[in-house]
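Colleague: I'd like to learn how to read a model like this one, feature by feature. Could you walk me through it?

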Amino acid sequence: MNIYFWNVVLTLFWGLILRISGNTTNGKRAFCSITALQWILISGLRGMTVSKDMYTYKIKFYETLKTEWKDIFDNFYFVYIEGEGKDPGYDIFTKIIQLFTQDYQVFLFICASIFFIGMAIWIFKYSEYPMLSMIIFDSFLYSFFALTGIRQTLATVLVVFIGSKYIKENNFKKFLILSLIAYTLHKSSLTVLVFYFISKIPINRKYIVGVLLLFPILFILRDPYFNIIGRIVGYEYDEFENTGAYMFTFLYLMVVLVSLIFLPWIKEKCHNYQLYFNAIFMGMILIPLVFVNPAAMRAVQYFSLYLMLYIPEFVKTFEVKIRGPIYTLLATILLLATNAFERTDYTFFWQ
């Protein structure tokens with residue numbers, strides 16, 4: 001059974017009901033809750049063969065179970081002073097969860113719940129069209145966040161789902177606290193701390209030209225570029241089995257191109273365009289790293305999540321009579337581009 005396909009079908013079904021109901025507040029709340037529950041079940045019940053990281057995380061989970069609290073806290077010294085090990089905050093999180101359960105599958109379920117509940121609240125609060133946001137996730141973001149990572153998904157909840165509120169409010173103190181905690185879970189989140197300042201840059205012609213010129217330069221110089229910041233965005237991987245994310249990059253660049261074409265209209269109609277454009281640009285200048293080491297996608301993904309808010313708001317800028325066709329066209333393109341219909345590698349933990 002292709003569970004990804006049926007998940008998309010259910011998302012479209014609930015979305016249709018939402019549109020029929022007139023996108024009411026209660027309807028949006030129900031849609032976000034149900035679709036989040038679907039992903040919690042898919043992610044929390046996944047088997048060990050769904051991703052290559054599953055066994056690694058499982059081994060780490062039971063190693064932490066045998067580790068004393070003193071050693072857990074001492075790990076901060078070894079990581080940040082001695083330079084040995086990584087992400088000591090994740091061990092503390094794991095140890096806290098182990099106070100309630102020592103079952104790895106339950107642990108996965110808890111992690112999935114934290115991420116998707118956070119994402120559902122984020123979509124409910126900020127997305128103009130929740131179904132389009134979920135289709136974007138179902139199309140080309142789900143594999144990383146729902147099936148592979150654990151540490152970074154937890155960091156993402158802090159710096160994106162919670163942190164974006166403080167970016168909008170210019171509350172650096174609270175965002176810094178969240179970023180420091182996230183850094184102990186996965187140090188790639190440091191890129192989002194940098195984004196706090198980048199998000200304040202006005203979107204003008206000189207800035208846009210600079211970013212567009214920088215992208216091909218960084219692509220050509222991607223190897224030395226990776227050598228400079230690779231320890232942050234892809235530090236766990238030594239062997240580059242495959243590089244690049246061609247479909248993702250194509251779709252991403254198409255979003256950038258269309259956005260720039262409609263920029264004058266977007267500036268007039270889209271309240272949060274500066275935040276979203278800077279997030280898109282941040283992700284774009286990190287994409288060349290993926291063509292050196294696919295692990296660098298971990299840095300791009302923080303900013304790709306903002307597409308879930310930006311694209312619905314972009315659609316909302318058009319006149320009511322043409323929003324429907326544009327909405328349908330975008331959803332169709334995303335569904336045709338997704339690999340959710342092709343992937344059949346999912347197994348439940350009992351299989």
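This is a predicted model: local features need pLDDT of at least 70, side-chain atom pairs count only at pLDDT 80 or more; totals for chains, interfaces and linings use all residues.

Colleague: How many of the residues of helix 5 are buried?

Modeller: Here buried means under 20% relative accessible area. Nine of the 10 residues of helix 5 pass that test, so the helix is largely enclosed by the rest of the structure. The buried ones are P88, G89, Y90, D91, I92, F93, T94, K95 and I97.

Colleague: Is D87 buried or exposed?

Modeller: D87 counts as buried, because its relative accessibility is 4%. N170 lies in the loop between helix 9 (151–168) and helix 10 (172–185). With a relative accessible area of 51%, N170 is exposed.

Colleague: Helix 9 has come up already. What does the side chain of R151 make a polar contact with?

Modeller: The partner is the side chain of Y57, at 3.2 Å. R151 belongs to helix 9, and its relative accessibility of 8% means that R151 counts as buried.

Colleague: Now the core. Which residues have the most contacts inside the largest nonpolar core?

Modeller: Those are F116, F137 and Y310, in a core of 116 residues. Helix 16 (residues 273–290) gives the largest share of this core, 14 residues.

Colleague: What is Y310 in contact with, leaving aside its neighbours within four places in sequence?

Modeller: Y310 is in contact with V255, S259, I266, Y276, F277 and I280, once those neighbours are left aside. Y310 is also one of the buried residues of helix 18.

Colleague: How many residues of helix 18 are buried?

Modeller: Nine of its 10 residues are buried, so helix 18 is largely enclosed by the rest of the structure. The buried set is L307, M308, L309, Y310, I311, P312, E313, F314 and V315.

Colleague: Which residues line the largest cavity?

Modeller: The lining is made of S43, R46, L108, C111, A112, F115, F116, F145, A146, G149, I150 and T153. Two or more of the lining residues come from each of helix 6 (104–126) and helix 8 (142–148). Helix 6 supplies the largest share, five residues. By class, the lining of this cavity has eight nonpolar, three polar and one charged residues. Notice that F116 is in this lining and is also among the residues with the most contacts inside the largest nonpolar core.

Colleague: And the pockets? What is the volume of the second largest pocket?

Modeller: The second largest pocket has a volume of about 360 Å³. Of its 16 lining residues, L251, M254, V255, V258 and L330 lie nearest the centre.

Colleague: Which helices each supply at least two residues of the lining of the second largest pocket?

Modeller: They are helix 14 (246–261), helix 18 (307–316) and helix 19 (320–337). Helix 14 gives the largest share, six residues. The lining of the second largest pocket has 15 nonpolar, one polar and no charged residues.

Colleague: Let's finish with L330. How exposed is L330?

Modeller: L330, in helix 19, is partly exposed, with a relative accessible area of 23%. Leaving aside its neighbours within four places in sequence, L330 is in contact with I311 and V315. Both I311 and V315 are among the buried residues of helix 18. For a sense of scale, L330 and F61 are 41 Å apart in space, C-alpha to C-alpha, and 269 residues apart in sequence.

Definitions and conventions
Residues are numbered from 1 along each chain as its sequence is written. Side-chain values use heavy atoms; hydrogens and water are left out. A nonpolar core is a set of buried Ala, Val, Leu, Ile, Met, Phe, Trp, Tyr and Cys residues joined through side-chain atoms within 4.5 Å. Buried means under 20% relative accessible area, exposed over 50%, partly exposed in between (1.4 Å probe, protein chains only). Helices (H or I, at least four residues) and strands (E, at least two) are DSSP runs, numbered from the N terminus. Contact means heavy atoms within 4.5 Å. On a 1 Å grid over the protein atoms alone, a cavity is a set of points where a 1.4 Å probe fits but cannot get out, and a pocket is an open set with protein on both sides within 12 Å along at least five of seven lines; lining residues have an atom within 4 Å of a point. Grid points are joined across faces, edges and corners, and a volume is the space filled by probe spheres set on the points. Ala, Val, Leu, Ile, Met, Phe, Trp, Tyr, Cys and Pro count as nonpolar, Asp, Glu, Lys and Arg as charged, and the others, Gly among them, as polar. A polar contact is a pair of N or O atoms within 3.5 Å; within protein, one must be able to donate a hydrogen and the other to accept it, and residues adjacent in sequence count only if both atoms are side-chain atoms.
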